[in-house]
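Student: I am new to this structure. Please take one part and walk me through it closely.

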Amino acid sequence: MVSFLKTVIKAIPVGLSVTFKNIFRKPTTLEYPEVKPDLSPQYRGLHYLARYDNGEERCVCCGLCAAACPADCIYMEPYENERGERKARIYIINEIRCIFCGYCEEACPEEAIFLGKEFEFSKYEIPDFIYSKEMLLGNFDRIEMERRKKLGMEFIRKTRFDFRMPTPSIGDSESSIEK
Amino acid sequence: MPDQVKLKIEDRDVTVDKGQTILDAALKLGIIVPTFCWDPRLKPIAACRMCLVEVEKAPKLVPSCAVPAIEGMVVKVFSEKAIRGRKAVLEFILSNHPLDCPTCDKGGECILQDHTFNHGPTGSRTIEPRNRTIFDEKYKFDDFPLGPVIWLNMNRCIFCFKCTRIIKEIAGDDDLGAFNRGYHTILHGHKNRPFRSEFSGNTVENCPVGALVANSFRYKVRSWLLKKTPSVCHLCGDGCNITLWHQGQKLFRIYSRWNRNVDNGLLCDRGRFGGLYADSDRRLRNPKIRREGKLIDTTWEEALDFVAGNLESIRAKFTAAGIGVIGNEMLSNEETYLLSRIARRVIGTNNIDFRFEDKFTPSTDLNLKLLYFLVKRIPFSKFGEFRNHLIIGTDTEVTHPIMTLWLKRAISSGRSKCYAAYHRKTDFTLHPVESIEYFPQGEYNFLLALYSALKGKSIDESALASGVASTLIQRWAELLKGSKTLLLAGEALYNNPRGSENIDLLKAICDLLGEGSVINIPYDGSNYLGNLLWGATPGILPGGSQNDEENRSIICKEWKCDNLPEAGGMDTSQMLTAASEGKMGALIFFGSDPVGFYPDREIATKAVQNASFKVACETFLTETGKLCDAVLPLAPFPECSGSLISSEGRLQFFEKAFDPAYSSAEGWRIILRLAQRLGFEGDYSSPSEIWSEMASIADKCGKVDYKQSQYGGQFLKMDFAARAFSNLDGFQSSPLPSPTAEFPMILTYGASVYQKRNLTAYAESMDKIDPGPKLYINPDNAAKMKLYEGDTVRVSSTKGSLTMKSAFDYRIRPGTVFIPTNFQEAEFNSLLSSKSDLTFVKIERL
Ligand code: SF4
Ligand code: SF4
Ligand code: SF4
Ligand code: SF4
Ligand code: FES
């Protein structure tokens with residue numbers, strides 16, 4: 001009995017020392033959603049399909065991303081656009097099957113598909129996770145808009161193909177358009 | 001051995017025939033040397049230098065595909081020098097290559113990609129812009145439509161010249177050439193003319209890179225997504241082996257499956273592009289039955305009950321002889337057998353036929369004579385063994401494109417000569433071929449003249465009646481006499497008012513020619529032979545035996561029944577004539593379209609209208625189907641499996657690529673379900689079950705050796721009793737009726753080279769190859785009529801008239817005009833009458 005008490009009394013300060021040590025530490029959890037996490041540069045979130053500076057989509061529907069995809073969640077059908085180029089008529093990513101491995105990004109020869117930093121896209125219905133080409137291009141437009149806003153640039157886009165905006169490098173925050 | 005040489009490759013000894021190349025020797029050892037421009041079917045030109053190897057004591061690397069092996073040679077394929085050499089060649093080829101693999105349809109199956117990966121440099125040392133060949137600013141992305149079905153992107157070309165050599169050496173045409181030099185080389189057809197050839201698709205299949213792309217495949221799908229199913233082309237009697245490339249229920253392209261003995265890796269454009277008709281979305285989707293005068297969609301259950309119920313009541317009213325079945329020659333053996341069984345056993349009639357495009361259907365006796373010739377079939381690959389080829393009554397380029405290539409090969413090897421007689425010149429006769437053009441339907445007189453000439457009798461009368469100069473026939477007789485000749489007898493000989501006499505004459509001519517002369521009948525249609533053998537004619541029972549007491553009892557035992565209908569039974573012409581007079585109760589059309597193709601539209605239409613009940617089973621709604629009481633959607637060949645017997649006598653199996661699309665069903669299933677509703681107790685779950693039943697019947701009948709049934713296509717052994725051929729002494733020439741003043745021209749008709757009936761017209765891009773029906777006329781005749789190409793003309797006969805565009809064709813015999821039969825909208829048969837042998841027309845310019 002006595003030896004038991006001895007052990008307990010010895011153990012209490014040892015345990016509490018851990019507690020006290022951590023009370024004054026900065027917490028690892030976040031007050032999400034008020035506080036947003038700091039994402040790693042390698043973070044792989046929602047996909048987007050990039051555009052050229054003139055607003056044209058980069059993807060040529062070559063099918064390499066779909067071939068690389070281990071989850072088989074990309075489907076596409078090509079067509080010939082009015083200028084005789086190969087483009088995607090249908091381009092679908094099923095985000096609920098996607099395992100966010102990033103192989104598609106790796107495989108793309110046209111630098112068209114990217115995994116962005118967006119992770120807040122939960123939905124109520126499974127079909128809503130099927131992202132069409134327009135949605136994926138829209139993701140890019142949103143990201144691009146935000147980036148430009150952050151850089152203090154005005155986002156002007158008159159038509160689908162009209163971006164008219166040089167892509168400034170970081171630090172070039174004074175927008176050249178306003179000048 | 002003096003004709004063999006021994007050499008060393010990679011320290012291994014190999015012996016090859018003299019004249020074989022180093023590459024052949026390496027292949028014999030199983031050493032793969034990378035190549036671009038080498039093709040076993042073509043003469044080596046050593047254009048690409050990809051196959052460089054090191055030969056000891058040779059100062060430079062040598063192209064192994066072109067350098068013959070020499071006694072004592074020591075060859076190194078994988079020495080450092082050879083590897084470096086090949087790497088340099090690839091770097092050179094790539095220095096101007098656009099590397100647009102992501103947008104190139106060859107990506108993933110490109111030989112340049114493979115070779116670069118295995119043998120090539122890892123990077124590029126140049127930064128200069130690459131050479132671009134832009135034909136026309138109108139076509140962006142550097143693609144250019146070379147011909148109606150083929151796009152060319154010159155940037156990707158690696159100048160192996162396989163395409164031009166295939167067209168020149170194999171197809172024997174000059175339609176594609178290479179112009180300019182070096183990196184400025186361009187490929188083009190004749191000046192200002194698109195590239196067109198019946199074999200143009202082979203250039204696409206054999207181009208090692210994506211420079212040539214078929215219209216129907218461009219920007220459609222990536223090749224690695226497609227599944228491959230072995231199949232057999234259904235569009236002519238050659239039975240080319242094909243591979244169907246498909247994804248899900250969509251057929252994307254048809255490539256060759258390389259059967260050395262049949263197609264040698266080549267396909268005609270009809271088979272390659274026309275076969276895509278199966279993918280058309282204009283197909284019949286649901287069974288339809290007629291309710292209140294309109295065809296309405298319904299379910300299979302209801303449709304089959306409707307058909308079976310009606311057939312039952314017709315049988316009660318008209319007896320079984322009032323029901324007729326008209327199949328078609330594209331049905332597989334299994335379907336034909338089942339159709340014959342339901343007609344004879346379940347319905348109880350001998351009224352069954354599979355030919356509906358012929359005015360003069362051969363009689364049973366003639367059919368048996370045709371089958372008798374099968375005993376000595378000559379495979380295509382043996383054509384070269386004959387000194388002469390005598391082709392009568394067919395345009396082989398249209399009916400048998402690939403067989404024609406074997407003929408061309410025999411000619412170009414210098415061993416054989418060809419003689420072609422037909423009522424017009426053909427594309428084939430533009431080659432070094434002697435040709436004779438007789439009057440349309442002058443076959444009998446021509447054969448009689450040739451026979452008399454060989455016998456040394458006077459031929460003036462018969463030559464005159466056939467419309468050929470007698471000296472010409474004498475000349476042919478002298479040239480052919482005593483030589484080993486292959487006689488190829490076309491359809492015009494037996495689908496002829498004097499069909500039986502023609503075949504007798506042909507047999508007599510064959511006997512007069514040199515030893516080893518043989519008659520071959522290249523049947524028109526993918527399974528003509530199978531239809532004859534499996535009982536799709538009134539007079540021949542399944543198994544190929546004549547419909548008589550004794551043979552019926554053999555079949556009865558197999559089918560476990562007491563008796564079969566007595567001999568007799570009507571062929572298509574008789575059925576249609578009887579039906580048009582209201583004497584037929586029911587007509588069953590299985591893939592056949594008499595209204596569209598029977599050479600008398602009036603009778604065919606009346607027949608279908610006057611029959612009390614008619615049902616059509618077809619892939620596309622035809623003119624006949626529109627008049628029927630029930631229409632059942634039949635699945636096209638990629639969606640069925642079965643076997644075909646090619647006109648060469650080869651038994652070949654084809655596999656189902658995917659389940660029937662829409663609500664269509666395989667032919668055998670439709671027949672079976674219908675038969676079961678009519679009281680048939682048997683059941684089959686797959687064509688192979690039907691097949692084993694057929695094999696046992698074939699065994700009992702002893703006509704065909706049907707046992708071997710693996711893949712690859714065997715040459716069937718056949719054994720048919722000799723027939724009695726008539727004594728020819730009494731044969732007299734018979735002058736043909738001549739055109740009247742009112743109707744001065746003779747109308748001829750036939751298939752066009754790119755099309756099979758109206759089926760292929762449903763394939764994408766076929767309308768570009770062969771747009772719309774035209775009236776073909778000899779320019780001399782046209783000049784007299786002051787007619788220009790493209791003028792709209794009215795063609796009229798005593799039966800009716802048609803309006804169409806005119807086109808010039810100097811191959812047409814003066815005094816005749818030609819209408820292709822492949823266009824449903826053309827209604828060519830409204831000009832024809834089944835009562836008269838020849839049709840005379842007048843042409844007016846509108
Ligand atoms: S991230 Fe991976 S799983 Fe998701 S689409 Fe790309 S390749 Fe497929
Ligand atoms: S995203 Fe890239 S890899 Fe995928 S189809 Fe488009 S171009 Fe090809
Ligand atoms: S188009 Fe193709 S087949 Fe023709 S020369 Fe160029 S690479 Fe060879
Ligand atoms: S030659 Fe005949 S069998 Fe061969 S691809 Fe052409 S149509 Fe088909
Ligand atoms: S394959 Fe030998 S040179 Fe082209």
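Which residue is the bridge partner of Val53(B) in E4(B)?

Tutor: This is a predicted model. The bridge partner of Val53(B) in E4(B) is Val62(B). That pair belongs to the link between strand E3 (residues 52–55) of chain B and E4(B). Two bridges join these strands, and they run antiparallel.

Now step back to the sheet around them. Five strands of chain B form an open sheet, in the order E2-E1-E5-E3-E4. Its pairing is mixed. Which strands stand at the edges? They are strand E2 (12–17) and strand E4 (62–63) of chain B. Each has a single partner strand, so one side of each is left without a neighbour in the sheet. Val62(B), where we began, is the partner in E4(B), one of those edge strands.

Helix H1 (residues 22–29) of chain B touches strand E1 (4–9), E2, E3 and strand E5 (74–76) of chain B. The direction of H1 makes about 125 degrees with that of E2(B). Helix H2 (residues 80–94) of chain B also packs on the sheet. Here the strands touched are E3 and E5 of chain B. The direction of this helix makes about 155 degrees with that of E3(B). Strand E3 of chain B therefore has a place in several of these pictures: it is joined to E4(B) by bridges, it is touched by H1, and it is touched by H2.

Next, compare another sheet of chain B. Three strands form an open sheet in the order E11-E12-E13. The pairing there is antiparallel. The edge strands are strand E11 (227–232) and strand E13 (250–256) of chain B, and each pairs on one side only. From one strand to the next, the twist averages 30 degrees.

Follow one residue across that sheet. E11(B) pairs with strand E12 (residues 241–247) of chain B over six bridges, in the antiparallel sense. Pro230(B) has Thr243(B) of E12(B) as its bridge partner. On the other pairing, E12(B) and E13(B) are also antiparallel, over six bridges. There the bridge partner of Thr243(B) is Tyr255(B) in E13(B).

How many residues lie between E12(B) and E13(B) in their hairpin? There are two. Gly248(B) sits in the turn, with a positive phi of about 55 degrees.

In E25(B), both faces are covered. Ala630(B) and Leu632(B) are on one side, Val631(B) and Pro633(B) on the other, and all are buried. Two strands that pair with E25(B) can be named. Strand E14 (residues 288–291) of chain B runs antiparallel to E25(B), joined by two bridges. Lys288(B) stands opposite Val631(B) there. Strand E24 (residues 613–618) of chain B runs parallel to E25(B), joined by four bridges. In that pairing, Val615(B) stands opposite Ala630(B).

Now place these parts in the whole chain. Chain B has 26 helices and 36 strands. Its C-alpha atoms fill a box of roughly 90 × 65 × 65 Å along the principal axes. A compact globule of 846 residues would have a radius of gyration near 28 Å; chain B has 29 Å, which agrees. Buried residues make up 56% of chain B. Of its contacts with a separation of 6 or more, 71% are between residues 24 or more positions apart.

Finally, look at the partner chain. Chain A has four helices and five strands. Of its 179 residues, 20% count as buried. The contact between the chains takes 14 residues from chain A and eleven residues from chain B. On the side of chain A that touches chain B, E2(A) gives the most, with three residues. By class, that side has seven nonpolar, two polar and five charged residues.

Ligand 2 lies between chains A and B. It is surrounded by 14 residues, and the closest are Cys59(A), Cys62(A), Cys65(A), Cys108(A) and Ile113(A). The shell around ligand 2 has twelve nonpolar, one polar and one charged residues.

Technical notes. Residues are numbered from 1 along each chain as its sequence is written. Chains are lettered from A and ligands numbered from 1 in the order in which they are written. This is a predicted model: local features need pLDDT of at least 70, side-chain atom pairs count only at pLDDT 80 or more; totals for chains, interfaces and linings use all residues. Two strands pair if DSSP finds at least two bridges between them. Axes are lines fitted to C-alpha atoms, for helices over the stretch in contact, and angles run from 0 to 180 degrees between N-to-C directions. The radius of gyration is taken over C-alpha atoms; the globule rule is 2.2 Å times the number of residues to the power 0.38. A residue is buried if 20 or more other C-beta atoms lie within 10 Å of its own, exposed if 12 or fewer, and partly exposed in between; C-beta atoms are placed from the backbone. Two residues are in contact if their C-beta atoms, placed from the backbone, lie within 7 Å. Ala, Val, Leu, Ile, Met, Phe, Trp, Tyr, Cys and Pro count as nonpolar, Asp, Glu, Lys and Arg as charged, and the others, Gly among them, as polar. A residue is near a molecule or strand if its C-beta atom, placed from the backbone, lies within 6 Å of it.
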